[in-house]
Amino acid sequence: MNQRPIIALDFSTWQEVEQFMQLFPEEEKLFVKIGMELFYQEGPIIVRWLKDAGHEVFLDLKLHDIPNTVEKAMRGLAKLGVDITCVHAAGGIKMMQAALRGLEEGTPAGKKRPLLLAITQLTSTSEADMHHDQLIQVPLEESVIHYAKCAEAAGLDGVVSSALEVSGIKAATRQDFICLSPGIRPEGSVAGDQTRIVTPAQARGIGSTFIVVGRPITQAKDPYQAYQTIKEEWSRSI
Ligand code: C5P
């Protein structure tokens, strides 16, 4: 279990990120998630800026393309020194193996390879959507577990899924397979578009390795206070 919740920096501009980061004391080192909204607009330089300030970075670009393209893209991303990155398990075992190879090739000598996780089913996908749009006719959890097994077979470090699927994933793969859980909502907060949600304490009890929290922190009246409360709930020992 990682002691710090990962904050989803779901902003479009560097200026918004800077304003947000200024709400935190400089010595408070964070674990942040940069998604495509920010990366496609500000590019690799914002990753370097956050890393240079001492923060850990999950670069959430959810790659999904032919193996050769993903391998080369990952080679470049590894050079940025990010701590975690991810691909879609739906890209297949060969694509996931290529992604891992790319990260290994691109990691500078003496540096740690970024952890590589696979997206199983997005938490915004309902079972009905999956049946209709993907023509996958098994229950959603079975599909998630299947993708987790493919990710493990490809040598990945773990998966991204709803916390509600963590115990099934660990039982089907291994106990130390990383499970990163978004869809976290502290008691009494607004769910927004997330459906399969759990509290930080529930995620800890279920066995999530990392939690990702966005709006409950970024949209809070006092983001620093909201972060401290969530961090405390998440890291409290059982
Ligand atoms: O604001 P909220 O806490 O819902 O943000 C969750 C973050 O986790 C968002 O950046 C979202 O894109 C991401 N995410 C998710 N479900 C996944 C993968 C990533 O909600 N399966």
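At what angle do helix 4 and helix 5 pack, and how far apart are their axes? I shall open with that pair, after a word on the model.

The model is predicted, so local features need pLDDT of at least 70 and side-chain atom pairs count only at pLDDT 80 or more, whereas totals for chains, interfaces and linings use all residues. Residues are numbered from 1 along each chain as its sequence is written, and side-chain values use heavy atoms, with hydrogens and water left out.

Helix 4, residues 67-78, packs against helix 5, residues 93-106, at an angle of about 30 degrees, and the two axes are 7 Å apart. That makes helix 4 roughly parallel to helix 5. Some terms belong here. Helices (H or I, at least four residues) and strands (E, at least two) are DSSP runs numbered from the N terminus. Axes are lines fitted to C-alpha atoms, for helices over the stretch in contact, with angles from 0 to 180 degrees between N-to-C directions. Angles under 35 degrees count as roughly parallel, over 145 as roughly antiparallel, 65 to 115 as roughly perpendicular and the rest as oblique.

The crossing of helix 4 and helix 5 is right-handed, that is, the near helix is turned clockwise from the far one by less than a right angle. On the helix 4 side, the contact (heavy atoms within 4.5 Å) involves Pro67, Val70, Glu71, Met74, Arg75 and Ala78. On the helix 5 side, the partners are Lys94, Met95, Ala98, Ala99, Arg101, Gly102, Leu103, Glu105 and Gly106. By class, this contact of helix 4 with helix 5 has 8 nonpolar, 2 polar and 5 charged residues. Here Ala, Val, Leu, Ile, Met, Phe, Trp, Tyr, Cys and Pro count as nonpolar, Asp, Glu, Lys and Arg as charged, and the others, Gly among them, as polar.

The axes of helix 1, residues 14-21, and helix 3, residues 44-52, come within 12 Å and cross at roughly 15 degrees. Helix 1 and helix 3 are therefore roughly parallel to each other. Trp14, Val17, Glu18 and Met21 of helix 1 make the contact with Ile45, Ile46, Trp49 and Leu50 of helix 3. Those residues divide into 7 nonpolar, no polar and 1 charged. Helix 1, too, passes helix 3 in a right-handed crossing.

Next, some individual residues. Where is aspartate 157 found? Aspartate 157 is in the loop between helix 7 (140-153) and strand 6 (158-160). With a relative accessibility of 14%, aspartate 157 counts as buried; buried means under 20% relative accessible area, exposed over 50% and partly exposed in between, with a 1.4 Å probe and protein chains only. A polar atom of the aspartate 157 side chain lies 2.8 Å from the backbone nitrogen of leucine 116. Leaving out residues up to four places away in sequence, aspartate 157 touches Arg113, Pro114, Leu115, Leu116, Leu117, Arg174, Phe177 and Ile178.

Leucine 117, one of those partners, lies in strand 5, residues 115-119. Its relative accessibility is 0%, so leucine 117 counts as buried. Beyond four places in sequence, the residues touched by leucine 117 include Ile84, Cys86, Val87, Val159 and Leu180. Leucine 117 and glutamate 152 are 35 residues apart in sequence, and their C-alpha atoms are 9.6 Å apart in space.

Two further buried residues sit in loops. Valine 82 is in the loop between helix 4 and strand 4 (84-88), and counts as buried at 2% relative accessibility. Not counting residues up to four places away in sequence, valine 82 touches Val47, Val57, Leu59, Leu77 and Pro114. Serine 162 is in the loop between strand 6 and helix 8 (166-172). Serine 162 is buried, with a relative accessible area of 0%, and under that sequence limit touches Thr123, Ser181 and Arg196.

Finally, I come to backbone angles. Most residues other than glycine have a negative phi. Lysine 62, in strand 3, residues 56-63, has a positive phi near 45 degrees. At 22% relative accessibility, lysine 62 counts as partly exposed. Leucine 135 is likewise not a glycine, and has a positive phi of about 60 degrees. Leucine 135 is found in the loop between helix 6 (127-134) and helix 7, and is exposed, with a relative accessible area of 66%.

Note on methods
A polar contact is a pair of N or O atoms within 3.5 Å; within protein, one must be able to donate a hydrogen and the other to accept it, and residues adjacent in sequence count only if both atoms are side-chain atoms.
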